There are 2 protein chains.
Amino acid sequence: MNAEIISVGTELLLGNIVNTNARDLSVMLSELGINVYWHSVVGDNPERLTETLRTAKARADIIITTGGLGPTCDDLTKQTVARAFGLELYFDERAEREIEDFFRRGSLIMTENNRQQAYLPVGCTPFYNTCGTAPGCAFFAQGTHVLILPGPPKECLAMMRCGGLDYLRSLSGEQIYSRNIHLFGLGESYVESLLRERMNTLENPTLAPYAREVEVRLRVTAKASSREAAEEMMAPVIDEVCRKLGDCVYGVDTDTLENTVLGLLSAQGKTVSAAESCTGGLIAKRVTDLPGASSVFLGGVTVYTNEAKRLLLGVDADTLREKSAVSREVAVQLAEKVRGKLGSDFGLGVTGVAGPDSDGIHAVGTVFVSLADGERTYVRELRLSPQYDRGKIRNLAASHALDMLRRRLTNLPVVK
Amino acid sequence: MNAEIISVGTELLLGNIVNTNARDLSVMLSELGINVYWHSVVGDNPERLTETLRTAKARADIIITTGGLGPTCDDLTKQTVARAFGLELYFDERAEREIEDFFRRGSLIMTENNRQQAYLPVGCTPFYNTCGTAPGCAFFAQGTHVLILPGPPKECLAMMRCGGLDYLRSLSGEQIYSRNIHLFGLGESYVESLLRERMNTLENPTLAPYAREVEVRLRVTAKASSREAAEEMMAPVIDEVCRKLGDCVYGVDTDTLENTVLGLLSAQGKTVSAAESCTGGLIAKRVTDLPGASSVFLGGVTVYTNEAKRLLLGVDADTLREKSAVSREVAVQLAEKVRGKLGSDFGLGVTGVAGPDSDGIHAVGTVFVSLADGERTYVRELRLSPQYDRGKIRNLAASHALDMLRRRLTNLPVVK
């Protein structure tokens, strides 16, 4: 089966927003083993949407629309899709109640427009909206399965997870499940070369790599009659891959490296702090993106200048002068001093050249990351490609620091 | 004239990357006054790309493709587009030299595959690649203008800026130019209600608002025979809008609020530091995203916990206990103490509840932002919508802090 995602919204065509829904739905569909052959974006215009639906109907087994379900007169997706598939709309009373509840919970005033959102195509499976007002739905008509989802990413993805995935799973006698293995520290082509042969022999489950900005993931996908059966089929492959890739695997079905690290700290009742020069607050930002970080992340300093390194942490002025700010010695002091200052179990330090300009001594991409645990201080020198942009160098440096801590917390060699 | 953007790449359909090229090209096209009616995404598959081109040819005056120009056998955009428009390819010797130069500069080894990238459709206007290997081009055939651009966003946008925009401008006897007015602190619907009537009367130049996550921009677009003439036509409208919106305008054609603030600090030879609780390093991260921030941003502390507030800054324990961490009093101490500690001209402080959980005292979205300048300390209490997610609350709080500093640096009332 193949799918086409149609995103409706003039704001996408004006470039006001970027189409993250298409990306996130594609990942979910690919995890179900459904091929996505096209994404289309069209404005809030019934004629052009009708044309887009006609094209999609001729080539896709499944059409998923996002957007255009709001209460204003611009929002015409539901009406246009129903018409394109010869369906009438009916008033769904449960949807009305859910919308009323949503407004009550937020102490907001509901207008008559919002009541219009409770109309749905006759014969559909409704998807009620847990974090917004517009309900969505799925139906089968004229040989095509159609899912209608709202535009705001949070609502769209929540609805896909709650109703959409079950609907799609039910289309196949077999269910499709997948798990993700998260790696840090290995390049995509290296991972591929290591596993290529094995990937080719696997049919069910399958194994496929995909690259994120600074890391690689491997997706294991199984078709089976139940989740339990799928898990049983996937387990040996996951084991095999984890064994082969060793300690570069930081988790299975975890969200991010910082998530894994926070989980480990929390389970061990340990705390961390960070002193950041070239990453300028990025480690702190990434860690505190997660709610509840305060129980394990005590705080951090952004010591972007030599002055700040001295004043906030007491980094030795002679060392700064003799070794320069970008040095193994300063990295050691950053980690040790922030740890001492905040009384945390671990201290992380980062100093380097994120570019675009060099510091006149080191090449862009030279970064020292350090970890102090009170007994030892580990330092790793990174030579990241000077072709990477500032953002990627900063992100990689932050990930390397977090990964050192993960390795320390799981009793792996911290510096390879 | 209307345009369709076709992005080619299986990695887009797998959800490995998000289609930022379509967003960024859409903004540029809309600034040229060209309507974008469709985005399409298709995999590295010649049959499906051919079908997509056929559909686009029937409905668009301008087709822009991105991606599929790499050196591997998957990359078939150029060949497929040329065939769809009945054109042969020729070997472009300047493109070959540029590719050779690119490899020489990076001390990289060029393979025979890379040489294949120098083939281009006969009769095209070549666009040489300044930050990668694949050249792009533009041509007119079968009634349609076609631009072929590479997939990596940096290369794609640089090529559009250098060659693409000039090509598109030359299509119209008149040139189209635009400028952006950047606002902070006013909602989109308020800006629209304030300017709706005036926007309706404007024909050349035109005026249109567009919303970003935490701010609003207004785009002024003029058609004229030259840039100078366009500037002359736009100037009075820009003046009028700036007068009407007053001190919420933080810049014209500036990039971001942090850019404006860094520029002001730099021009006045002043420095700043930041003490962040709920924004957890986000101000530091945003400021240090910009190269050269170290000359004006001395450093910052992420004092996510009460302990860190005490240990790193010496925030008073009694105040923390009596007033709670989320209070006007703690905000004052954060700004004053980080300023004192780092010896900067200004200190910024942020403390609040970013959610999703409340602190048991304040509603999610309650944030105090503060600015100390050595003589006075200003505090603003924000009550951001608890419906906003953690990320948006953090981003808004950081922007409010930066905006207070902007207002102080331009002698505006800091707290309205």
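Leaving aside neighbours within four places in sequence, which residues is Ser344(A) in contact with?

## Surroundings of Ser344(A)

The model is predicted. In it, Ser344(A) is in contact with Thr271(A), Val272(A), Ser273(A), Leu298(A) and Arg339(A), once neighbours within four places in sequence are set aside. The residue is found in the loop between helix H14 (328-342) and S15 of chain A.

Is Ser344(A) buried or exposed? With 27 other C-beta atoms within 10 Å, Ser344(A) is buried, because the threshold for that class is 20 or more. Gly374(A) lies 30 residues from Ser344(A) along the chain, and the C-alpha atoms of the two are separated by 9.4 Å.

## Strand S13 of chain A

Two of the contacts of Ser344(A), Val272(A) and Ser273(A), belong to strand S13 (residues 272-276) of chain A. Five of the five residues of this strand are buried, so S13(A) is largely enclosed by the rest of the structure. The burial applies to both faces: Val272(A), Ala274(A) and Glu276(A) are on one side, with Ser273(A) and Ala275(A) on the other.

S13(A) is joined to strand S14 (residues 297-302) of chain A by five bridges, and the two run parallel. Within this pair, Gly299(A) of S14(A) is the bridge partner of Ser273(A). Between S13(A) and S14(A) the chain passes through helix H11 (residues 282-288) of chain A, in a β-α-β crossover that is right-handed. Five bridges also connect S13(A) with strand S15 (residues 346-352) of chain A, again in a parallel arrangement. There, Val272(A) has Phe346(A) of S15(A) as its bridge partner.

## An antiparallel sheet in chain A

Strands of a sheet pair through backbone hydrogen bonds, either parallel or antiparallel. Chain A has an open sheet of four strands with antiparallel pairing, in the order S10-S11-S9-S12. Which strands stand at the edges? They are strand S10 (206-211) and strand S12 (249-252) of chain A; each has a single partner strand, so one side of each is left without a neighbour in the sheet. From one strand to the next, the twist averages 25 degrees.

The partner of S12(A) is strand S9 (residues 175-183) of chain A, to which it is joined by three bridges in the antiparallel sense. In this pair, Ile181(A) stands opposite Val252(A).

## Chain A as a whole

Chain A has 15 helices and 17 strands. Its C-alpha trace spans about 80 × 55 × 40 Å along the principal axes. Of its 416 residues, 48% count as buried. Among contacts in chain A with a separation of 6 or more, residues 24 or more positions apart account for 64%.

## Strand S3 of chain B

In chain B, strand S3 (residues 62-66) has five of its five residues buried, so it is largely enclosed by the rest of the structure. Ile62(B), Ile64(B) and Thr66(B) point one way from the strand, while Ile63(B) and Thr65(B) point the other way.

Strand S1 (residues 2-8) of chain B runs parallel to S3(B) and is joined to it by five bridges. Ser7(B) stands opposite Thr66(B) in this pairing. S3(B) also pairs with strand S8 (residues 144-149) of chain B, over five bridges and in the parallel sense. Ile148(B) in S8(B) is the bridge partner of Thr65(B).

## Relation and contact between the chains

Two copies of a chain are related by a rotation about an axis and a shift along it. The same surface serves both copies, since 98% of the contact residues of chain B recur in chain A.

How many residues does the contact take from each chain? It takes 57 residues from chain B and 57 residues from chain A. The side of chain B that touches chain A has 27 nonpolar, 21 polar and nine charged residues. Strand pairing also links the chains: strand S2 (residues 35-42) of chain A and strand S2 (residues 35-42) of chain B run antiparallel and are joined by five bridges. Val41(A) stands opposite His39(B) of S2(B).

Key
Residues numbered from 1 in each chain as written. Chains lettered and ligands numbered in written order. Predicted model: local features only at pLDDT ≥ 70, side-chain atom pairs only at ≥ 80, totals over all residues. Buried ≥ 20, exposed ≤ 12 C-beta atoms within 10 Å, placed from the backbone. Pairing = 2+ DSSP bridges. Right-handed = clockwise from strand over helix to strand, strands pointing away. Contact = placed C-beta atoms within 7 Å. Nonpolar A, V, L, I, M, F, W, Y, C, P; charged D, E, K, R; others polar. Axes fitted to C-alpha atoms, helices over the stretch in contact; angles between N-to-C directions.
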